[in-house]
Each structure stands twice: as structure tokens, then as C-alpha cells.
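Thanks, everyone. I will keep this short, and the sequence and model go up on the screen now.

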Amino acid sequence: MKIFGAIVALCLAFYLFFEAHGMEGMGLARFGYIVGAVVLIAVTIFLFVPENRDE
């Protein structure tokens, strides 16, 4: 189920980037889409990529 959640989050992030790409100028809405996508990708990587413990 975690994998499914990660896939959905990444698909939503790519959709937000796609929507932001179609907007003109640097308005608040476009900035929000870009920030939302970056946050989704960062949270997905933080939660679902295991920590590498080399000791």
C-alpha cells in the first residue's frame, strides 16, 4: 500500500508540474503548483526511500 501511495504522490506532482507549465507569467497560482510538486516529491523521497546506514 505504501508503494501505491508513493506512485499516486509522484503522479500528482508530475500533474502539478504539467499544469504549471501551461500557465503564463510567474503568478501566485503557478508558484503554488511548482512548490506543491516539489514538496510532494521531497516528502515522497523522505518517507519511502530507506536510510542508508553504512557503518
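**Helix α1 and what covers it**

Part of the cover over the buried residues of α1 comes from α2. Keep in mind that this is a predicted model.

Start with α1 itself. The helix runs over residues 2-21, which is 20 residues. From first C-alpha to last it reaches 29 Å, close to the 28 Å expected at 1.5 Å a residue.

Which residues of α1 are buried? They are Ala6, Ala9, Ala13, Leu16 and Ala20.

Is Thr44 buried or exposed? Its relative accessible area is 8%, under the 20% cut-off, so Thr44 counts as buried. Leaving out residues up to four places away in sequence, Thr44 touches Ala6, Ala9, Leu10 and Val49. Ala6 and Ala9 were on the list of buried residues in α1.

Phe48 is also in helix α2. With a relative accessibility of 32%, Phe48 is classed as partly exposed, because that value lies between the 20% and 50% limits. Phe48 belongs to a nonpolar patch on the surface, together with Met26, Leu28, Phe31, Val35, Val39, Val43, Phe46 and Leu47. The accessible area of the patch is about 940 Å² in total.

Notes: Residues numbered from 1 in each chain as written. Predicted model: local features only at pLDDT ≥ 70, side-chain atom pairs only at ≥ 80, totals over all residues. Heavy atoms only, no water. Buried < 20%, exposed > 50% of the residue type's maximum accessible area, 1.4 Å probe, protein only. Contact = heavy atoms within 4.5 Å. Helix = DSSP H or I, 4+ residues; strand = E, 2+ residues; numbered from the N terminus. Expected span 1.5 Å × (residues − 1). Patch = residues over 30% accessible without salt bridge, like charges linked within 9 Å, V, L, I, M, F, W, Y side chains within 5 Å. Areas by Shrake-Rupley, 256 points an atom, 1.4 Å probe, with all protein chains shown as cover. Salt bridge = Lys/Arg side-chain N within 4 Å of Asp/Glu carboxyl O.
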